[in-house]
Amino acid sequence: MTIVYLNVTYGQDMWEQEKKHLAVMGKLQLQHNVRPTVLSEVAKVAGFGLGAVTALLGKEAAMACTEAVETVIGEHYDDQLEELELFSSEHPSLPLLKDVIREFRDDELEHLDIAVENFSQRAPAHALLSSVVGGGCKIAIELCKRI
C-alpha cells in the first residue's frame with residue numbers, strides 16, 4: 001500500500017527487493033531443512049493490513065509505518081549477524097549466509113531512509129505510531145521465532 005505514496009521507481013525497487021528477500025530466504029529454508037514459522041500467512045495478512053490502514057491515514061503515516069518496520073527489521077538482521085558470529089562451526093554456508101543477511105539488512109535500512117525522505121516524521125502522532133508499529137513488529141518476530 002505504501003507504494004502509492006512513493007516515487008514509482010522507489011516503490012517498485014522496494015517491492016522487487018522484498019520479493020527477492022522472500023524467495024532467497026525460502027530457498028535457504030529448503031536447502032538447510034529449516035521449518036518455516038506456522039505464522040507466515042498471519043504475518044503476511046497482518047503486514048498487508050498494517051500497510052493498508054496506515055496508507056488510509058495518509059502519506060506521512062504510511063511512511064512512518066515503513067520507518068518503524070524497517071528499523072525493527074534492520075535491528076533483527078543485526079541480531080542475527082551477532083548470533084552467527086558465536087557459531088563455532090566452520091560450515092561452508094556461514095559466510096554466504098552472513099553476506100545475504102548483510103545485503104538484506106542494508107536494503108531494509110535503505111527503505112527506512114526512503115521513508116524518512118518521504119516525510120515519515122511529519123505523520124500525526126509519529127512517536128505513538130512508531131512505538132505501536134515497532135513494538136508490534138518486535139512481538140511478531142519473537143512469536144515467529146518460537147512458533
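Student: Is Asn-33 buried or exposed in this model, and what is its relative accessible area?
Tutor: This is a predicted model, in which local features need pLDDT of at least 70 and side-chain atom pairs count only at pLDDT 80 or more, while totals for chains, interfaces and linings use all residues. Residues are numbered from 1 along each chain as its sequence is written, and side-chain values use heavy atoms, with hydrogens and water left out. A residue is called buried under 20% relative accessible area, exposed over 50%, and partly exposed in between, with a 1.4 Å probe and protein chains only. By that scale Asn-33 is exposed, and its relative accessible area is 72%.

Student: Where does Asn-33 lie, and what is its phi?
Tutor: Helices here are DSSP runs of H or I with at least four residues, strands are runs of E with at least two, and both are numbered from the N terminus. Asn-33 sits in the loop between helix H1 (8-31) and helix H2 (40-57). Although Asn-33 is a residue other than glycine, its phi is positive, near 55°.

Student: Which loop holds Phe-119, and what is the phi of Phe-119?
Tutor: Phe-119 is found in the loop between H4 and H5, where it counts as partly exposed at 34% relative accessibility. Its phi is again a positive value in a residue other than glycine, near 70°.

Student: Is Cys-137 buried or exposed, and what is its relative accessible area?
Tutor: Cys-144 counts as partly exposed, with 24% relative accessibility. Cys-137, on the other hand, is buried, and its relative accessible area is 13%.

Student: Which residue forms a salt bridge with Asp-78?
Tutor: Side chains of opposite charge can pair when their charged atoms come close. A salt bridge is a side-chain nitrogen of Lys or Arg within 4 Å of a carboxyl oxygen of Asp or Glu, and a search of the whole structure finds nine of them. In one of these, the closest N and O atoms are 2.9 Å apart, and the partner of Asp-78 is Arg-105.

Student: Which helix holds Lys-145, Glu-142 and Arg-146?
Tutor: Glu-142 meets Lys-145 in a salt bridge of 3.1 Å, N to O, and it meets Arg-146 in another of 3.2 Å. Because Lys-145 and Glu-142 are three residues apart in the helix, they are separated by about one helical turn. Glu-142 and Arg-146 are four residues apart and are likewise separated by about one helical turn, and the helix in question is H5.

Student: What accessible area do Val-38, Ile-139, Leu-143 and Ile-147 have together?
Tutor: Patches are made of residues with over 30% relative accessible area and no salt bridge, where like charges are joined within 9 Å and nonpolar side chains (Val, Leu, Ile, Met, Phe, Trp, Tyr) within 5 Å. Accessible areas come from the Shrake-Rupley method with a 1.4 Å probe, and for residues only the protein chains shown count as cover. Ile-139, placed in helix H5 (residues 126-146), is exposed at 54%. With Val-38, Leu-143 and Ile-147, Ile-139 forms a nonpolar patch on the surface, whose area together is about 360 Å².

Student: Which helix gives the most to the negative patch?
Tutor: Asp and Glu count as negative and Lys and Arg as positive, while His and the chain ends are not counted, and the place of a charge is taken as NZ of Lys, CZ of Arg, CG of Asp or CD of Glu. Asp-13, Glu-110, Asp-113 and Glu-117 gather in a patch of negative charge on the surface. Three residues of this patch come from residues 94-117, the helix that gives the most, H4.
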